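Dear colleague,

Please find the structure below, handed over for your own work. My findings follow it, grouped by region.

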Amino acid sequence: MDATARRAELEGRVVAITGAARGMGRAYVEGFLAAGARVAATDKSWSGAEDFQRALAARDDALVLDMDVTSDAEVDRAYQAALTKFGIIDVLINNAALLQMLLVNPTGRVTTLETTDEHWQKSFGVNVFGALKVTRRFVRPMLERRRGSIINIVSSGILSFSQSGGFKALRPGSREMPYMASKAALATMSFYLADELKDHNIAVNILIPGHTRGSWFDDAVRARVAAGMQAGRRPVVPEHMVPLALYLAGLCQPTSTAPSRTRYENREELRRVLRLFVPVEDVPTGGEGAHRPSYATQYEHRANDPVEGHECDVAHRFLDELALQADALPAVDRRQ
Ligand SMILES: NC(=O)c1ccc[n+]([C@@H]2O[C@H](COP(=O)([O-])OP(=O)(O)OC[C@H]3O[C@@H](n4cnc5c(N)ncnc54)[C@H](O)[C@@H]3O)[C@@H](O)[C@H]2O)c1
């Protein structure tokens, strides 16, 4: 069984995805459609993704929408169009983001003191306020139906760990301000929202992808190498996030049929995607061994605290097990 299998818990569910034209957003669209869900695929630009746009437009179970998450008018229009077509929204994935290399310079690397106020305003405009604008609208049908799952995509650069009673940032050397500050704000907002919405039977989780070949990746690596910087680790493929997104999206079952805990049954599927690495013939990257799949230990999520009778309960132990399993996997190049 693979990641494209249909899933009873997602059959017919309506999933709204931002930043859906390319990169991981596109992978979520394909993964959810393959799982039997219906998808409102939104992006501010479909340029360069016209074939995908046309293929989606030809399907009954998909809706393609122009939606810049910074525009109240566009978010309103897209929300109405999605409701008109599908009548409900079950899942929202806030995936759209303004990446550093499109904001500060082609390498994406900049020190905090080199950034301008405008960089911060633009970054927070998309990554925080944009996600909030979209959430405010798309959560309405979830509140009405007392069922839903919201997944906010953040980054491992926001993480800290405890050492000898104090906290240290996980990797503050990556020169990624203001992007990481915006993702930290989104994560914190998600924690609070999760608490606020748990009594409405709506789960709010964050997902942290591995180092992934998004649409910006090749150009950024080339720019870094040209500037004498390190190329960085080999990336994983966008679809590596799909199983976890499917899992979190499937958490909210109608109250009458919900099991108290949703278990992720298909470990093989997960193993398969964790073994996919991008062919990188044309992109310089770090050497052999630089890409073992320990990135999976970065998977984090915010679950609602287990509450008796609350169907959006996430099994924390599941992701711990997942990380351990991924650590034990050998790195397998897709070319082999
Ligand atoms: N690629 C990685 O290594 C990585 C790692 C951690 C987190 N992430 C996060 O994963 C998500 C997807 O990243 P990706 O690498 O696939 O990036 P990507 O640039 O390939 O895709 C991002 C999408 O967001 C869209 N977008 C940007 N601004 C928008 C706006 N104002 N309104 C609507 N859509 C907008 C873009 O058009 C694009 O289609 C992002 O939230 C990113 O921050 C990526």
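Helices (H or I, at least four residues) and strands (E, at least two) are taken as DSSP runs and numbered from the N terminus. Please note that the model is predicted.

Overall content

On that basis, the protein has 10 helices and eight strands. Of its 336 residues, 43% count as buried. Among contacts between residues at least 6 apart in sequence, 77% join residues at least 24 apart.

The loop between strand S7 (166-169) and helix H6 (179-197) contains Pro178, and the peptide bond from Met177 to Pro178 is cis, with omega near 5°. Arg175 is placed in the loop between S7 and H6 as well. Although Arg175 is not a glycine, its phi is positive, near 55°. Arg175 has 17 other C-beta atoms within 10 Å and is therefore partly exposed, since a residue needs 20 or more to be buried and 12 or fewer to be exposed.

Asn201 sits in the loop between H6 and strand S8 (202-207). Its phi, near 65°, is likewise a positive value in a residue other than glycine.

Within H6 itself, Ser182 is the residue I examined. Ser182 is buried, as 27 other C-beta atoms lie within 10 Å. Leaving aside residues up to four places away in sequence, Ser182 touches Ser123, Phe124, Asn127 and Val128. Ser182 and Gln121 are separated by 61 residues in sequence, while their C-alpha atoms are 9.7 Å apart in space.

Ligand surroundings

The ligand is surrounded by 30 residues, of which the closest are Gly19, Gly23, Ala97, Gly214 and Ser215. Helix H1 (23-34) and helix H4 (117-138) are the elements that give two or more residues to this shell. H1 provides the largest share, three residues. By residue class, the shell consists of 13 nonpolar, 13 polar and four charged residues.

Packing of H1 against H8

Which helix do the axes of H1 approach within 10 Å, and at what angle do the two cross? The partner is helix H8 (residues 242-249), and the crossing angle is roughly 60°. H1 and H8 are therefore oblique to each other, because the range counted as roughly perpendicular begins at 65 degrees and the one counted as roughly parallel lies under 35. The crossing of H1 past H8 is right-handed. On the H1 side, the contact is made by Ala27, Tyr28 and Gly31; on the H8 side, by Val242, Ala245 and Leu246. These contact residues divide into five nonpolar, one polar and no charged.

H8 is mostly covered, with eight of its eight residues buried. Besides the contact residues Val242, Ala245 and Leu246, the buried residues of H8 include Pro243, Leu244, Tyr247, Leu248 and Ala249.

With kind regards

Technical notes: Residues numbered from 1 in each chain as written. Predicted model: local features only at pLDDT ≥ 70, side-chain atom pairs only at ≥ 80, totals over all residues. Near = placed C-beta within 6 Å. Nonpolar A, V, L, I, M, F, W, Y, C, P; charged D, E, K, R; others polar. Axes fitted to C-alpha atoms, helices over the stretch in contact; angles between N-to-C directions. Parallel < 35°, antiparallel > 145°, perpendicular 65-115°, else oblique. Left-handed = near helix turned anticlockwise from the far one by under 90°. Contact = placed C-beta atoms within 7 Å.
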